[in-house]
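Visitor: Hi! I have a structure open and would like to talk it through with you. Could we start with how charged side chains get paired up?

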Amino acid sequence: MRLRLQLQPQCSVIQAALLKPSPSLSTSVRWMSPRSAVLPVRCTQQDAGGGGGLKSAISNIVDKGVEELLAKEENKELLDNLNKASERVELAREELANIERQQNEAIQMKEYITLLQNRASQIEECQMEVLEARKMLEEAEQALSMSSDANIDGLREEERWESVKAASISALVGTLAAAPIYLTNLDVTPQLLLHLGITFASCALFGVTFRYAVRRDLDNIQLKTGTAAAFAFVKGLATLSGTSPLELTSASLFSHALDATFFVSQDLLIFVFAAVALDFCFKNRIVSPFPIKIQE
């Protein structure tokens with residue numbers, strides 16, 4: 001930079017002399033070096049045709065002077081310093097660009113943090129709403145559980161009551177059906193009352209079992225008759241065991257077979273009457289089949 005400032009005045013003088021030549025004028029041009037060295041240059045123009053040679057001569061002189069100045073050690077040091085300064089400027093520009101980029105990243109990070117804080121507040125609000133909804137759900141479940149327990153207790157009581165009604169109807173109908181049969185076979189009043197009591201208890205148990213066995217399959221004739229036949233066989237054979245003991249003779253075997261057939265038949269008739277009465281009550285909603293909650 002210092003070298004250029006030193007060369008600028010001399011070049012201006014030379015350019016002025018070239019642009020306005022004087023035929024009889026001799027101009028002395030001095031080139032000043034950093035050490036005040038003087039380089040004499042004489043320019044004489046004899047005619048207008050010698051301007052081109054003068055220009056080239058002066059240009060060569062200037063180039064040589066510049067080369068001599070650049071070849072000096074102190075000027076090399078200035079150029080090195082200039083290059084180093086240029087490198088420092090470039091480094092400073094890069095650092096400035098990095099700082100600007102970091103500032104932009106910091107701004108973006110602040111915006112992202114603000115967004116995350118807003119999202120965090122929204123998440124907290126949602127969590128509070130979820131907790132409130134969970135509490136409401138727990139309260140509803142407790143209320144439903146209490147209501148369900150109350151309903152279950154109520155259904156159990158109704159089921160017991162319906163079973164009592166089924167047992168009462170079956171016992172009453174079965175006893176009425178058995179009374180004519182026992183009156184024709186028994187003459188003693190205590191024996192008659194005993195058989196009627198046994199029949200009453202058996203028919204009551206049959207009514208409860210019939211309700212739980214048939215359930216709501218009211219059109220299943222095989223199930224209904226099978227239940228009655230099972231009770232008839234059990235009660236008939238139990239009655240047979242109270243008669244005279246069995247002997248290993250054909251007459252005794254035949255007699256016990258006839259008695260078994262008679263007892264099972266009359267008990268089957270009794271339980272069939274009870275089953276018909278219960279079926280009638282089920283179909284006419286007098287007694288509810290099991291389970292009661294399916295009833296419309």
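Guide: Happy to. A salt bridge here is a side-chain nitrogen of Lys or Arg within 4 Å of a carboxyl oxygen of Asp or Glu. With that in hand, K224, D279 and K283 are linked in a network of salt bridges. Please keep in mind that this is a predicted model.

Visitor: How many salt bridges turn up in the whole structure?

Guide: The search finds 7.

Visitor: Is D279 buried or exposed?

Guide: D279 counts as buried, because its relative accessibility is 13% and the cut-off for buried is under 20%. K224 is buried too, with a relative accessible area of 11%.

Visitor: What about R93, which side chain does it meet in a salt bridge?

Guide: R93 pairs with E90, at 3.5 Å from N to O. Both are in helix α3, 3 residues apart, which is about one turn of the helix. R93 is exposed at 54% relative accessible area, while E90 is partly exposed at 41%.

Visitor: Which residues have the most contacts inside the largest nonpolar core?

Guide: Those are F206, F210, F271 and L278, in a core of 27 residues. Helices α3, α4, α5 and α6 each supply at least two residues of this core. The biggest contribution is from α6, with 8 residues.

Visitor: And which residues of α4 are buried?

Guide: Quite a list, including L192, L196, T199, S202, F206, F210 and V214. R211 is another of the buried residues in α4.

Visitor: What span should α4 have at 1.5 Å a residue?

Guide: Its 26 residues, 189–214, should span 38 Å, and the end C-alpha atoms are 36 Å apart, which agrees. Helix α6 passes the same sort of check: its 34 residues, 250–283, should span 50 Å, and its end C-alpha atoms are 48 Å apart, which agrees.

Visitor: Where does UniProt place the transmembrane regions?

Guide: The unreviewed UniProt entry gives residues 192–214, 226–243 and 263–282. In the model, residues 192–214 are 100% helix, with end C-alpha atoms 32 Å apart. Residues 226–243 are 83% helix and 0% strand, and there the ends are 26 Å apart.

Visitor: Now the surface. Which residues make the nonpolar patch of about 470 Å²?

Guide: M109, Y112, I113, L115 and L116 make that patch. L116 is in helix α3, and it is partly exposed at 42% relative accessible area.

Visitor: Backbone next. What is the phi of R215?

Guide: R215 has a positive phi of about 55°, although it is not a glycine. For context, most residues other than glycine have a negative phi, and most peptide bonds are trans. R215 lies in the loop between α4 and α5 and counts as partly exposed at 38% relative accessibility.

Visitor: And what is the phi of R285?

Guide: R285 is also a non-glycine with a positive phi, about 60°. It comes just after α6 and counts as partly exposed at 49% relative accessibility.

Visitor: Last one: which residues does a cis peptide bond join?

Guide: F290 and P291, with omega about 0°.

Technical notes: Residues numbered from 1 in each chain as written. Predicted model: local features only at pLDDT ≥ 70, side-chain atom pairs only at ≥ 80, totals over all residues. Heavy atoms only, no water. UniProt positions renumbered as here; feature names shortened; annotations may be inferred. Helix = DSSP H or I, 4+ residues; strand = E, 2+ residues; numbered from the N terminus. Patch = residues over 30% accessible without salt bridge, like charges linked within 9 Å, V, L, I, M, F, W, Y side chains within 5 Å. Areas by Shrake-Rupley, 256 points an atom, 1.4 Å probe, with all protein chains shown as cover. Buried < 20%, exposed > 50% of the residue type's maximum accessible area, 1.4 Å probe, protein only. Expected span 1.5 Å × (residues − 1). Core = buried A, V, L, I, M, F, W, Y, C linked by side-chain atoms within 4.5 Å.
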